[in-house]
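Please read the following points with the sequence and the coordinates open beside you. They are arranged by region and by kind of interaction.

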Amino acid sequence: QVQLVESGGGLVQAGGSLRLSCAASGSYFRINGMAWYRQAPGKQREMVAGITSSDITTYAESVKGRFTISRDNARNMSYLRMNSLKPEDTGVYYCAAGIVARGRNDDYWGQGTQVTVSS
């Protein structure tokens, strides 16, 4: 069974930094694109950053220049470095990945990690 597990969330003051980690485990053939999403209270889930298997990255306009997504294929990990955090960055952050397992290419999600930025 394939699982994604996030870690690294917490409470931070505005202007601070956090690094989120996402670990993939289980039996699978390949991890394709990976991404981080967030959901603020009362709002829809939105994509924050994505990275392809070729390390091509994309970011939401609201986080460009402040967040950096990366991946470590050898360790089956994805990271989201968040600098200059703002109160509006508060939300539950989810890791997502397209994973090929048992002959299928499916999207997998982690359980989420809370990020709270105080003003």
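1. Leaving aside its neighbours within four places in sequence, with which residues is threonine 52 in contact? The model is a predicted one, and in it threonine 52 is in contact with Gly33 and Arg71 once those neighbours are set aside. Threonine 52 belongs to the loop that runs between strand E5 (46-51) and strand E6 (57-59), and its relative accessible area of 32% makes it partly exposed. Its C-alpha atom is separated by 15 Å from that of tyrosine 37, a residue 15 places away along the chain.

2. The loop between E5 and E6 also holds aspartate 55, which has a positive phi of about 65° although it is not a glycine. Aspartate 55 is partly exposed, because its relative accessible area of 46% lies between the limits of 20% and 50%. Serine 84, likewise not a glycine, has a positive phi of about 50°; this residue is found in the loop between E8 and strand E9 (91-101), and with a relative accessible area of 39% serine 84 is partly exposed.

3. Arg71, one of the contacts of threonine 52, is part of strand E7 (residues 67-72), where Phe67, Ile69 and Arg71 make up the covered face while Thr68, Ser70 and Asp72 make up the uncovered one. E7 pairs with strand E8 (residues 77-82) in the antiparallel sense, over 6 bridges, and within this pairing isoleucine 69 has leucine 80 of E8 as its bridge partner. The hairpin formed by E7 and E8 has 4 residues between the strands, and there asparagine 76 takes a positive phi near 55°.

4. How many aromatic pairs does the count come to? The count comes to 1 aromatic pair, formed by tyrosine 37 and tryptophan 109, whose rings are tilted at 55° between the planes and lie 4.8 Å apart from centre to centre. The pair links distant parts of the chain, since tyrosine 37 belongs to strand E4 (residues 30-39) and tryptophan 109 to strand E10 (residues 104-109), 72 residues apart. Tyrosine 37 counts as partly exposed at 22% relative accessibility, and tryptophan 109 is also partly exposed, with a relative accessible area of 39%.

5. A search of the whole structure finds 6 salt bridges. One of them joins the side chains of arginine 38 and glutamate 46, at 2.8 Å from N to O; arginine 38 is buried, with a relative accessible area of 6%, whereas glutamate 46 is partly exposed at 35%. Arg38 and Glu46 are also linked with Arg66 and Asp89 in a network of salt bridges.

6. Another salt bridge is formed by arginine 75 and aspartate 72, with the closest N and O atoms 3.8 Å apart. Is arginine 75 buried or exposed? Arginine 75 counts as exposed, because its relative accessibility of 61% is over the 50% limit, while aspartate 72 counts as partly exposed at 24%. Arginine 104 and aspartate 106 likewise meet through their side chains in a salt bridge (3.0 Å, N to O), and aspartate 106 is partly exposed, with a relative accessible area of 22%.

Note on methods. Residues numbered from 1 in each chain as written. Predicted model: local features only at pLDDT ≥ 70, side-chain atom pairs only at ≥ 80, totals over all residues. Heavy atoms only, no water. Helix = DSSP H or I, 4+ residues; strand = E, 2+ residues; numbered from the N terminus. Buried < 20%, exposed > 50% of the residue type's maximum accessible area, 1.4 Å probe, protein only. Contact = heavy atoms within 4.5 Å. Phe/Tyr/Trp six-rings, centres within 6.5 Å; stacked < 30°, edge-to-face > 60°. Pairing = 2+ DSSP bridges. Salt bridge = Lys/Arg side-chain N within 4 Å of Asp/Glu carboxyl O.
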